[in-house]
Amino acid sequence: MQLADHHRTGYVGLALAGGGPEGAIYEIGVLRALDDALDGLDLNDVRVTVGVSAGAFVGASLANGVTTAQMVRSVVGEEPGEHPFRPEMFMSPAFGEYARRGLRLPGLIYSALRTVVTEPEASSGLVSELIGQLSRALPVGVFDNAPLRNYLATLFEVEGRTDDFRRLRNPLYVVATDLDSSETVVFGGEHADHVPISLAVQASTALPGLYPPVEIEGRHYVDGVLNKTVHASVAFEHGAGLVICVNPIVPVDTAHAVADGAMRRGRLTDRGMPGVMSQTFRTLIHSRMGTGMASYRDRYAGADLVLFEPRRDDYRMFFTNVFSFASRKEVVEHAYRSTLEQLRDRAAEVGPVLERHGLRLRTSVLARERFDVWESVGLSGERAILPSTETTRDLRDALADLGDLLG
């Protein structure tokens, strides 16, 4: 947890970063802890919420009145009257993209042959021409995040919720990047508040290479993390005096991972390209975020910021399979517990900052001998660990076993 203590009063804003399905689950655990520990904070009535990528998914749910308790319960089971959160929504193969690209192959092959025959002086040879042309047939995304949009659209159909930025009680801003101009676009802001919330979230979660760009009114949008990590500045620019930030994207330090039993060897290359790319992405994003945080002191004089994120040696956040029921449960538990531990250990430092903005630490919560997220959301014992039916329990146990084996 980091603090930027600049002594400006004003209302509270919330800024949620990305991080994929595991990042969303981590944020849900952190936010549930804040719900329990902070008196005066209503996360469903925050004056301004900013979300990017997975944080846009969580932030849009909060802005629509979905409570942190409901989100925690939906991670591990069937929440009555709600659609359960399933990480699989983030990993649907982009069959439509594969088909569209495949249909281009005959035309691209013909174009390469035509260039070689009709423009031999400009051609670099048949093989080179084929490589150049066929590269255009490569899919621009492996997975399809349209199911995520469909999930949110259905979730927001419930009475009292909305898929329209303009009908929300408090402002919600969803950040994406215009692919062709590389400019940041803030959906929910001026001239971009007519776009459905669910569609804006789909655009904000479209990480290049993983998901195809999302077309909105003739423009193509990708993940908002390309330009900034948290986008807390959006909340500051709309008058927030204190911004609570949650960022799951932190590079892992494997120095002690072997000793702790988290890795057989402290080398990320053992995990192949996904491990290397994940660490590279996390390092770049986190480094840039540090630079951005430092700039807030000059840009927003007197603003306060509290940042919650995993420690770099917090291996539970890096070596988990969130498609396993057991792992999802563990991430929520750990995020909840570690956040309350941070608040307890740094109460003397954090308390005065929060109090300037009308918030107060609940000492009775922080004084508990153990922090139990399931007790917090009305689940305990078997209800906290078992799915709702025997069939789904057997399936999820099998998936957990498979995840552990592959891990």
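This is a predicted model: local features need pLDDT of at least 70, side-chain atom pairs count only at pLDDT 80 or more; totals for chains, interfaces and linings use all residues.
## Overall make-up

The protein chain has 407 residues, and 49% of them are buried. Its secondary structure comes to 15 helices and 13 strands.

Of the contacts with a separation of 6 or more, 77% join residues 24 or more positions apart. The chain exposes about 18,800 Å². Carbon and sulfur atoms supply 53% of that area.

## Nonpolar cores

In soluble globular proteins, nonpolar side chains tend to be buried together. Here the largest nonpolar core has 75 residues. Leu31, Leu34, Leu41, Val58, Phe187 and Val201 have the most contacts inside it. Helix 1 (residues 20-37) gives this core its largest share, nine residues.

A second core is separate and has 21 residues. Val234, Phe236, Leu305 and Leu307 are among them.

Helix 1 has 18 residues. From first C-alpha to last it reaches 26 Å, close to the 26 Å expected at 1.5 Å a residue. Of its 18 residues, 16 are buried, so helix 1 is largely enclosed by the rest of the structure.

Which residues does Leu34 contact, leaving aside its neighbours within four places in sequence? They are Leu41, Ile244, Phe308, Thr339 and Leu343.

Leu105 sits in helix 5, which spans residues 105-118. Its relative accessible area is 34%, so Leu105 counts as partly exposed.

Most residues other than glycine have a negative phi. Ser53 is not a glycine, yet its phi is positive, at about 55 degrees. Glu217 is not a glycine either, and it too has a positive phi of about 55 degrees.

Where do these residues lie? Ser53 is in the loop between strand 4 (48-52) and helix 2 (54-63). Glu217 is in the loop between strand 9 (214-216) and strand 10 (219-223).

Is each one buried or exposed? Ser53 has a relative accessible area of 7%, under the 20% limit, so Ser53 is buried. Glu217 has 63%, over the 50% limit, so Glu217 is exposed.

How values were computed: Residues are numbered from 1 along each chain as its sequence is written. Side-chain values use heavy atoms; hydrogens and water are left out. Helices (H or I, at least four residues) and strands (E, at least two) are DSSP runs, numbered from the N terminus. Buried means under 20% relative accessible area, exposed over 50%, partly exposed in between (1.4 Å probe, protein chains only). A nonpolar core is a set of buried Ala, Val, Leu, Ile, Met, Phe, Trp, Tyr and Cys residues joined through side-chain atoms within 4.5 Å. Contact means heavy atoms within 4.5 Å. The expected span of a helix is 1.5 Å times one less than its number of residues. Accessible areas come from the Shrake-Rupley method with a 1.4 Å probe; for residues, only the protein chains shown count as cover.
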